[in-house]
Amino acid sequence: MDHVADAHDFLAYVQASPTPRHCVAETVRRLEASGFVPAEPGDGTDRGYAARAGSLLAWRRNGEGPVRVVTAHTDSPNLRVKPQPDTRGAGLHQLGVEVYGGVLLNSWLDRDLGLAGHAVVRGADGIETRLITIDRPVLRVPQLAIHLDREINTKGLQLNKQQHMKPVWGIVADDDERSLAELLGAELDVEAADILAFQLMTFDVAPPALWGWNDEFIASPRIDNQLSCWASVAALAETDAPGTQVIALFDHEEVGSTSATGADSGLLADALAALVGPSPSDDSLCISADCAHATHPNYADRHDPEHQIALNGGPVVKVNANERYATTPLGHALFVDACERAGVPHQVFVSRTDLACGSTVGPITAARTGLDTVDVGAPQLAMHSARETTGSSDPGFLRAALAAAFESS
Ligand code: ZN
């Protein structure tokens, strides 16, 4: 296993993927480089993918054998631009934003922010959807100086989502009618009036990096959950296991998965029915891959003392008695077996009994497909920060574990 090469490949993937649609586009690029072709699950293609807006299905069929599914999600919490975004304050141009998902708001302050997403424009050939990437610092949400908020370090930072999170992008000059539409028009090379609608989100333009004395760590946006997307794509591209292997990368996990392309749609269940029929065999397995909380050294008591989670400790199996995670003992066992065959360490997470547990797409897809499921994920710190941390060996560990899980034991 070359963990350094895996880490750098993950960083390249995440840097190409500031939004779910960009993540799908980068995934398509990688799948096509590995011989996958655009297809539909029922059309008999053996190495196919189907992109659906910010979600994607890809599959490989190789004769008789078990069904193995890996799910992950393409979306991450961020700030999203309102439909009529132009606003001003104290002589500065600003944008109105909505908060998408469970954002750690403080982590978006004082960062160099770009804008990315897609717009629907009226072009020469009619209505078309275009990706947008403004990969330079055009926005910033400046923090209030401590002198103007003396109690911040004793009472904590209080941020109102409507009032305090509006990014600044310019100084208002005399007769200054500049607007976001003008910037988008220049980026897309269309008249501002021909931009009919858009979905735009902010992202930190600082490149992801290895850090630590010996580069033990990765600092990057969107580790939750593009790390799992990257690992599932890499594992699918390299496998030659018998049976049927499927990856499902879903948008909208951070807001509950109920959407046309989210995990609570028919996307995966319909694809499985088309690929392998209505009742997959008993040894079928769904691996729901989404990041896990590593134990934070400054808050170690937030974890159960017998379930401490280490960075570079390998994939984490997530267990919850109340079905917030879908892990079954059989799913757990099959994943542990895969880790052992891959020579990858693994860990087990259960939350403190007096703390509410997070969740992910595992219980949703388990309910919709009936597949035995295991919830797993790479360990990370600062989940939902604009810049998160994981171990620099953890991308390689997860990729190798998923590749082994595609093989039946
Ligand atoms: Zn997640």
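Good morning. Nine strands form an open sheet of mixed pairing, in the order β1-β2-β3-β13-β4-β14-β18-β16-β17. Its edge strands, β1 (37–38) and β17 (347–349), each pair on one side only. This is a predicted model, in which local features need pLDDT of at least 70 and side-chain atom pairs count only at pLDDT 80 or more, while totals for chains, interfaces and linings use all residues. Residues are numbered from 1 along each chain as its sequence is written, and side-chain values use heavy atoms, with hydrogens and water left out.

Strands (E, at least two residues) and helices (H or I, at least four) are DSSP runs numbered from the N terminus; two strands pair if DSSP finds at least two bridges between them. Strand β4 (residues 67–73) runs parallel to β14 (residues 285–289), and four bridges join them. Among these strands' residues, T71 has S288 in β14 as its bridge partner.

Next, the helices. Helix α2 (residues 20–33) packs on the sheet, touching β1, β2 (47–52), β3 (55–62) and β13 (243–250), where contact means heavy atoms within 4.5 Å. The direction of α2 makes about 20 degrees with that of β3; axes are lines fitted to C-alpha atoms, for helices over the stretch in contact, and angles run from 0 to 180 degrees between N-to-C directions. Helix α6 (residues 267–276) also packs on the sheet, touching β2, β3, β4 and β13.

Finally, how many disulfides are there? The count is zero, a disulfide being a pair of cysteine sulfur atoms within 2.5 Å. For C339, the nearest cysteine sulfur, that of C291, is 15 Å away.
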